[in-house]
Each structure stands twice: as C-alpha cells, then as structure tokens.
Amino acid sequence: MRETIGFIGAGNMGGAMIEGIAKNKLFNTIWVCDHHQENLDRLHEKYGVKTSLDEKTVALNSDVLVLSVKPKHYPKLIETIKECVKSDVIIVDIAAGVTIRDVKHYFGKDLKVIKAMPNTPALVLQAMSAISFDDLVSEEDKTCIKSIFNSFGKCEVVDETMMDAITSVSGSSPAYVFMFIEAMADEAVAQGLPRKQAYTFASQAVLGSAQMVLETGMHPGALKDMVCSPGGTTIDAVCELERTGFRASVESAMRVCNEKSKKMTEGK
C-alpha cells in the first residue's frame, strides 16, 4: 500500500470516502484540502487528518490524489497543481463526464489515472462504485485502489466505455429507489399507517430484498415468483405494476439518463 492519500474537495462524497478510508486505516496519512475551514476542522477532529486550504500542499504530499470537486472545476484545479504532483502519483477522477483522457490532457503528461464513479450511499458506507484503470496502473496499484473503494461499500472494475451505463444503473438510481420508497410510504399512510412507520417498513423491505439478490445469487424474477402465491395479493399487485408500465418506465428513465450522460461527456 502507498503511504499517503490526499483529497482536494471534502464535500459529501469526499467526506464519505475519507470516513471509510480512515476507519479501515488504509493509509498512514490522509491529507485534505477544502475551501471551507469548518469541513477541515470537522474531519481533523474526527479522523485526525492533516488539512490545508492550499491545493498545492496536498498535491505535493500525496501518493494517491482524489480530485473530488465538480467537473467544471477540473481544468482550473489541475492547472494549479500539475507541477506539484509526484511523478508516480495515482490520480483518482470521480467527476461525471470527465474521462481518463481528459485528465491526462489537463495535466499535459502521462500520469496514472483512475476513473471512478461512486454513488451517494457512500454517505452510509454502502456505495456501489465502478472503477476503470488506465494502462499505466500496476497490479499493486489496482489492489490499492480496490481497497479504497471497498472501504465505503462495494466496487466493480468496468471498462471506461461503460461509465454512461453505470450512471444510469448505479450513479443516478438511488433517486429512483428513493421515489419508490416514498410512493410506497405515501400509500401506506393513505391506508392508515403512521408516516414514520411507513418509511421504516418501505425502506427495510427494499434493503432486505436487495440483500436477498446479492446473497442468494438467484435471478430477481425467481425471487419475485417466490413472493407471488397463486391467487394471492402479491400477484395482483405485480400484474397492476406491469399494466401501468412500471418496468417500462424504469427502463425508459435509464435510457434517458444514459443518453444525457453521453452528451455531457461528449459536450465538454
């Protein structure tokens, strides 16, 4: 493992990653730069990280450098730090629409670059992250990066060309799931269940169902069939979902998301 990891940007996603890394003691030192002193103070007090308001300081000290700022800030940030990074640094790009090729272009040199897409459940250490490696990354480096992303959830290695698909199935999908939970809870409230309990029942049902898919390895359709007794309540509900276009709506939403992601990448 490398000794030091640095973060430029300590918002929600950067903060979640820092928490997972700190709790699992993956690096001897964590450096963090952010423009909000209160974020730095909180992270220092909670995890003992080293902090700076200066991007160059973090860049100079990092073996792995995570650029956790908005995509529009990448060109200016990299222009600021490009002469400061170590020659063998691993740059981790988590910005939507910013490719490995873009990052190398902004730096003006052939560095090791990782493209990653974690999602918002990182905030509760349950992220699903996609990671892609460039050709310079060694097997040892890959192990290091996988350990980082597994520290706050799960990760899978994918070809970078699949990142638009990952956006629709993982990056944006928590919003779809939240809408599903909200809709179930609203109807439960309409049927008389208190709001707080409605959210608990709906959320735990989603969590438990997802865990069944992951742990059993069974096809989701087979698990659905297990719940649908002949002539029972569930099969009637499933038929109503099909009749009103539930499956088609999800598929359509994912296609729209994928197309928008491609346009964002191509339109830089």
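Tutor: In this predicted model, Met17 has its place in helix α1, which covers residues 12–23.

Student: Is Met17 called buried or exposed, and what makes it so?

Tutor: The relative accessibility of Met17 is 0%. Buried means under 20%, so Met17 counts as buried.

Student: Which residues are in contact with Met17, once its neighbours within four places in sequence are left aside?

Tutor: Met17 is in contact with Phe7, Val66, Ile94, Ile148, Phe149 and Phe152. The term contact requires heavy atoms within 4.5 Å.

Student: How far is Met17 from Lys46, in sequence and in space?

Tutor: Met17 and Lys46 are 29 residues apart in sequence, and their C-alpha atoms are 14 Å apart in space.

Student: What share of the residues of the protein chain count as buried?

Tutor: The protein chain has 268 residues, and 40% of them count as buried.

Student: Why is Phe246 called partly exposed?

Tutor: Phe246, which is found in helix α12, has a relative accessibility of 37%. Buried means under 20% and exposed means over 50%, with partly exposed in between; Phe246 therefore counts as partly exposed.

Student: Which residues form a nonpolar patch on the surface with Phe246?

Tutor: Phe180, Met184, Leu241 and Val250 form the patch together with Phe246, and the accessible area of the patch is about 380 Å². Helices α8 (173–190) and α12 (246–266) each supply at least two of its residues.

Student: How do you know that Glu240 forms a salt bridge with Arg243?

Tutor: The closest N and O atoms of Glu240 and Arg243 are 2.6 Å apart. A salt bridge requires a side-chain nitrogen of Lys or Arg within 4 Å of a carboxyl oxygen of Asp or Glu, so the pair of Glu240 and Arg243 qualifies. In general, side chains of opposite charge can pair when their charged atoms come close.

Student: Why are Glu240 and Arg243 separated by about one helical turn?

Tutor: The reason is that Glu240 and Arg243 are three residues apart in helix α11, residues 233–243.

Student: What do the relative accessible areas say about Glu240 and Arg243?

Tutor: Glu240 has 38% and is partly exposed. Arg243 has 61%, which is over the 50% cut-off, so Arg243 is exposed.

Student: What makes the pair of Glu79 and Lys82 a salt bridge?

Tutor: The N to O distance between their side chains is 3.1 Å, and the limit is 4 Å; the pair therefore meets the rule. Glu79, at 49%, is partly exposed, whereas Lys82, at 19%, counts as buried because the cut-off is under 20%.

Student: How many salt bridges are there by this rule?

Tutor: The count comes to 15. The side chains of Asp225 and Lys224 also meet in a salt bridge, at 3.1 Å from N to O. Arg2, Asp88, Lys112 and Asp141 are linked in a network of salt bridges.

Key: Residues numbered from 1 in each chain as written. Predicted model: local features only at pLDDT ≥ 70, side-chain atom pairs only at ≥ 80, totals over all residues. Heavy atoms only, no water. Buried < 20%, exposed > 50% of the residue type's maximum accessible area, 1.4 Å probe, protein only. Helix = DSSP H or I, 4+ residues; strand = E, 2+ residues; numbered from the N terminus. Patch = residues over 30% accessible without salt bridge, like charges linked within 9 Å, V, L, I, M, F, W, Y side chains within 5 Å. Areas by Shrake-Rupley, 256 points an atom, 1.4 Å probe, with all protein chains shown as cover.
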